[in-house]
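Work through the following exercises with the sequence and the structure at hand. Each task is followed by a solution in steps.

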Amino acid sequence: MPYGLYIAAEGAQAQAQRVEVLANNIANVDTTGFKRDLAVLQARYSQAIEDGIDYPNSGSINDVGGGVYVSEKVTDYSRGVLKGTNIPTDLAIAGEGFFQVEIDGETYLTRAGNFTFTAEGALVTSAGNAVLDAEGTPVQVDPEALANHVGNYFDENGFCTVGGDVVPLAMVKPKSNSDLAKYGDNAFFPLAPVEPLALEERQTRAGYLEGSGVNSITEMMTMIEAQRAYEANVNLIKNHDEMLGNLISRVLRQG
């Protein structure tokens, strides 16, 4: 088989994976607190070099490129734009850190502050998961005081005040964002212990939400580029297939 056929196939597969990542980003352009993903492409050595038969820069026939592949998918944790909603239960983090929420009995992190209160006084996410306080327990306020509450529910330091209840929301940060594993659209599972934010680091804005980290125009332009690269690789596969077919036909005719 022509070596170029394999290289073109690897390239098409890599661009197809890249398109999938971009499509998911675009689908979440309006998802609160969403962090876009990036497919990292990396060049491969030739198969002979990877098998240890040859070595890089040998100058031999084996010292050729081996195409590209998606080496990893990374998350861009850049802060999204804060958008005013005038909804008193919405809360955005203006600085660093994450809220802590409980999903299926496990503690996750999120920057999506589109919260709401249940009739029983529990603070929950838009998916109905419990929001945790600084002690690691679900936030709970007096439902009677909640029914009579007027004004903001949160202050600029992430404290929830309803009636006589003053509850500091859990706000933490990992030692490194590389310690986070993405879960769903806007939640992250900590792979290492997290640290609570000091009071001066707890910066929140009531009535705001952090928008998605996706720039739709940039993402669409990158999507078009990836699709064209995919099509170019598919055309190379077709060309190699035609050349191989012509070669086989010529050999059979001569035989």
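**Exercise 1. Determine what share of the contacts between residues at least 6 apart in sequence joins residues at least 24 apart.**

Solution. A contact means heavy atoms within 4.5 Å. Among contacts in the chain between residues at least 6 apart in sequence, the share that joins residues at least 24 apart is 67%. The model is predicted: local features need pLDDT of at least 70, side-chain atom pairs count only at pLDDT 80 or more, and totals for chains, interfaces and linings use all residues. Residues are numbered from 1 along each chain as its sequence is written, and side-chain values use heavy atoms, with hydrogens and water left out.

**Exercise 2. Trace the pairing partners of strand 5 (residues 98-103).**

Solution. Step 1: two strands pair if DSSP finds at least two bridges between them. Step 2: strand 5 runs antiparallel to strand 12 (residues 171-174), joined by two bridges, and F98 stands opposite V172. Strand 12 in turn pairs in the antiparallel sense with strand 15 (residues 194-196) over three bridges, where V172 faces P196. Step 3: five bridges join strand 5 to the antiparallel strand 6, with T110 as the bridge partner of F99. Strand 6 also pairs with strand 14 (residues 187-190), antiparallel and over two bridges; there T110 has A187 as its partner.

**Exercise 3. Examine the phi angles of N86 and D104.**

Solution. Step 1: most residues other than glycine have a negative phi. Step 2: N86 is not a glycine, yet its phi is positive, about 60°. N86 lies in the loop between strand 3 (82-84) and strand 4 (91-93). Step 3: D104 has a positive phi of about 50° and sits in the turn of the hairpin formed by strand 5 and strand 6, which have two residues between them. Step 4: buried means under 20% relative accessible area, exposed over 50%, and partly exposed in between (1.4 Å probe, protein chains only). N86 counts as exposed because its relative accessibility is 76%; D104, at 71%, counts as exposed.

**Exercise 4. Describe the largest pocket by its volume and its lining.**

Solution. Step 1: on a 1 Å grid over the protein atoms alone, a pocket is an open set of points where a 1.4 Å probe fits, with protein on both sides within 12 Å along at least five of seven lines; lining residues have an atom within 4 Å of a point. Step 2: the largest pocket holds about 230 Å³ of space. Of its 13 lining residues, E96, G97, F98, R111 and N177 are the closest to its centre.

Conventions
Points joined across faces, edges and corners; volume = space filled by probe spheres on them. Helix = DSSP H or I, 4+ residues; strand = E, 2+ residues; numbered from the N terminus.
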